[in-house]
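Some notes on the model follow, as numbered points.

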Amino acid sequence: EDYFAQSNENSGSPLLYNPPSPQNSPGSESSTNAKLDHMNRASDLLMAVSIGADLNKNKIIEQAVEAMEELFKLAIMGEPLWQHNGNGGMETLNGFQYLREFGSFDATMEQIMRMVEVGEPQCFLSYDCNCNFDQDVPSSFSKLNFEPLNIETSRETAFVEMNPLNIVQLLMDTKQWGTTFYSIVSRTTLLGVILENVDGSYNGVLQVMSAEFHQCTPLIPARQSYFARYCKKHTNGTWGVVDVSLENLFPYPQVQFRRRPSGCVIQGVGNRGSKVTWIEHVEVDNKSLHPLFRPIVSSGFAFSAKRWIATINRHCQWLTTSMARTAPTTDGVLIPQEGRGSLLKLAEKMTKNFFNNINSCSENVWSGLPQNFAAQDVRLRYGNILKVPGKPSGNIVIFTTSIQIPVPMEVLFDFLRHERTRNRWDLLSNQRHVRELVYVSNGENPGNRVSIMQVNSSPNKIEILYLQESYTDETGSYIVYAPMDIMAMSKILNGGNPKFVSILPSGFSIMPDKAPGQGDGAVGSILTLAFQSVDRLSNKEYMPPSTLKIIDAILSTTVASIKDAMLFGIR
């Protein structure tokens with residue numbers, strides 16, 4: 001829907017809008033620099049791998065083999081190396097036990113560690129806290145290459161309804177990896193292949209890659225990494241896929257993220273399934289992290305192994321849903337099989353667009369609203385120019401903010417996704433009747449579905465049709481929707497090609513405000529709101545005051561409506 005269709009008396013005199021980068025978030029200048037840095041660093045690595053001496057390749061091979069050995073040890077070892085972080089919390093590494101097992105230290109280091117254990121054991125024993133070592137003792141810890149970076153670790157083991165070979169292919173095929181894990185990774189690039197496969201599989205393949213790891217908000221900086229990915233099939237039929245950063249081999253100033261040996265061990269179970277043990281072990285600079293997200297990110301939960309496993313399971317469920325035969329809904333509505341397939345493909349396109357548009361990867365250059373507006377922590381940017389036959393072209397404006405709401409994720413998720421409560425927060429549905437015309441379930445959770453919502457201003461007058469996808473698991477939730485033309489929706493439901501449908505998704509991303517078992521009190525929610533609309537009055541250098549006012553009004557009004565409903569029981 002075009003929020004900016006209305007004109008304003010000031011719209012004839014555009015305002016130059018180029019504010020300084022907001023604190024604690026990637027701004028215009030920093031994002032541009034990051035993009036250039038990404039390209040230059042990729043070129044350096046590509047030259048080192050492809051054109052460099054065999055010595056470089058041998059170093060990468062040696063590091064990858066060592067990383068694979070460490071991955072398998074981490075996968076099979078238990079306490080005291082791994083510990084549960086509180087009741088119901090995830091598994092994290094015991095820092096000192098890790099150093100004893102995989103580091104190298106002398107009697108002096110052992111004595112220092114004992115002294116630290118007597119003083120503040122929790123700060124050092126848990127790798128999910130800010131393990132920043134003071135500058136006073138660099139000589140003692142330099143042997144272990146400690147730097148002022150936070151260390152995040154986690155381990156998750158789960159059953160996945162996919163055979164090991166298909167999981168390996170998802171991870172080793174760079175295009176499939178980026179497509180499957182679009183909610184976690186962006187800008188995936190294969191920089192070079194060091195070792196080719198010899199038996200037609202990915203066994204023994206070693207490749208150099210780059211990627212940016214993100215969350216669904218511009219307030220959490222993306223994590224850019226250059227790493228080797230090594231795949232190995234072991235004698236018992238178990239597969240391992242491990243990543244390890246190459247910064248130790250190719251030093252680079254201002255390193256803000258490293259992947260220590262991370263990845264997964266995959267073991268076949270029965271004919272169709274796999275037991276997957278996923279391990280995440282990273283070093284990251286969180287100094288520019290927004291305070292709202294600091295607890296959940298510094299705990300390791302926001303980028304945890306649990307999130308990778310949940311994403312694979314969601315992908316498997318989506319494949320099952322896509323291949324299933326059509327069936328009537330509880331209301332007796334039956335979508336033709338061709339239309340069902342087109343609807344699911346369009347929903348997938350919409351949701352991927354949403355995640356790609358509101359993350360903080362280096363391609364997305366974000367700015368902030370001036371301080372004299374009501375909405376807080378707003379980030380906005382321009383997307384591509386939208387061209388629709390028969391209508392004037394316009395710039396796509398994307399704007400987003402995040403807030404903390406002290407209610408469980410599932411309560412907030414149900415409120416935002418349900419037809420019954422949509423008119424309580426959606427400005428375009430206010431005082432109107434909303435009905436879910438049809439839906440396709442995606443798994444056992446009734447909230448995981450693709451829906452067509454109809455908004456009526458009167459019993460016989462349809463105002464808006466929405467396509468909506470909602471999904472939730474223990475790591476987070478999202479509700480993504482987009483207004484659609486009635487004719488376009490009719491074509492889709494009759495098997496039309498979703499590639500030819502222009503769609504502007506808006507929606508919500510929800511994550512817990514802290515990790516399960518972290519601290520006292522109940523776990524609440526962090527809600528990220530994101531909207532897209534077409535603005536025909538501005539361009540990438542100028543934004544009229546009317547546009548800024550509408551952005552502020554949409555966000556502040558929607559936030560107030562949701563807070564009122566959640567905090568005062570209007571559900």
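1. D285 is buried, with a relative accessible area of 18%, which falls under the 20% cut-off for that class. Its side chain meets that of K287 in a salt bridge, with 2.9 Å from N to O. K287, by contrast, is exposed, its relative accessible area being 62%.

2. The model is a predicted one, and side-chain atom pairs are counted only at pLDDT 80 or more. The pairs discussed here should be read with that in mind.

3. On the overall make-up, the protein has 14 helices and 21 strands. Of its 571 residues, 55% count as buried. The exposed surface comes to about 25600 Å², and carbon and sulfur atoms supply 50% of that area. Among contacts between residues at least 6 apart in sequence, 66% join residues at least 24 apart.

4. How many salt bridges does a search of the whole structure find? The search gives 17. One of the pairs is E283 with R260, where the closest N and O atoms are 3.2 Å apart. E283 belongs to strand β11 (residues 273–284), while R260 sits in the loop between β9 (257–259) and β10 (262–269), so this bridge ties together parts that are 23 residues apart in sequence. Both E283 and R260 are buried.

5. E436 and R449 also form a salt bridge through their side chains, at 2.8 Å from N to O. This pair links distant parts of the chain: E436 is in strand β15 (residues 433–441) and R449 in strand β16 (residues 449–458), 13 residues apart. As with the previous pair, the two partners, E436 and R449, are buried.

6. Salt bridges also occur as a network, which links R229, D243, R259 and E280.

7. Turning to helix packing, the axes of α10 (residues 305–323) and α11 (residues 337–358) come within 9 Å and cross at roughly 155°. The two helices, α10 and α11, are therefore roughly antiparallel to each other, since angles over 145 degrees fall in that class. On the α10 side the contact involves W318, T321 and S322, and these meet R340, L344, A347 and E348 of α11. By class, the residues of this contact between α10 and α11 are three nonpolar, two polar and two charged.

8. Helix α11 also packs against α13 (residues 486–493), the axes coming within 7 Å and crossing at roughly 120°. That angle makes α11 and α13 oblique to each other. The residues in contact are G339, S342, L343 and L346 from α11, with M489, I492 and L493 from α13. The contact of α11 with α13 has five nonpolar and two polar residues, and no charged ones. The contact of α10 with α11, for its part, includes two charged residues.

9. What is the place of V407 in the chain? V407 is in the loop between β14 (394–405) and α12 (409–417). Is V407 buried or exposed? V407 is buried, with a relative accessible area of 6%. Its C-alpha atom is separated by 7.5 Å from that of V523, although V407 and V523 are 116 residues apart along the chain.

How values were computed. Residues numbered from 1 in each chain as written. Predicted model: local features only at pLDDT ≥ 70, side-chain atom pairs only at ≥ 80, totals over all residues. Heavy atoms only, no water. Axes fitted to C-alpha atoms, helices over the stretch in contact; angles between N-to-C directions. Helix = DSSP H or I, 4+ residues; strand = E, 2+ residues; numbered from the N terminus. Parallel < 35°, antiparallel > 145°, perpendicular 65-115°, else oblique. Contact = heavy atoms within 4.5 Å. Nonpolar A, V, L, I, M, F, W, Y, C, P; charged D, E, K, R; others polar. Buried < 20%, exposed > 50% of the residue type's maximum accessible area, 1.4 Å probe, protein only. Areas by Shrake-Rupley, 256 points an atom, 1.4 Å probe, with all protein chains shown as cover. Salt bridge = Lys/Arg side-chain N within 4 Å of Asp/Glu carboxyl O.
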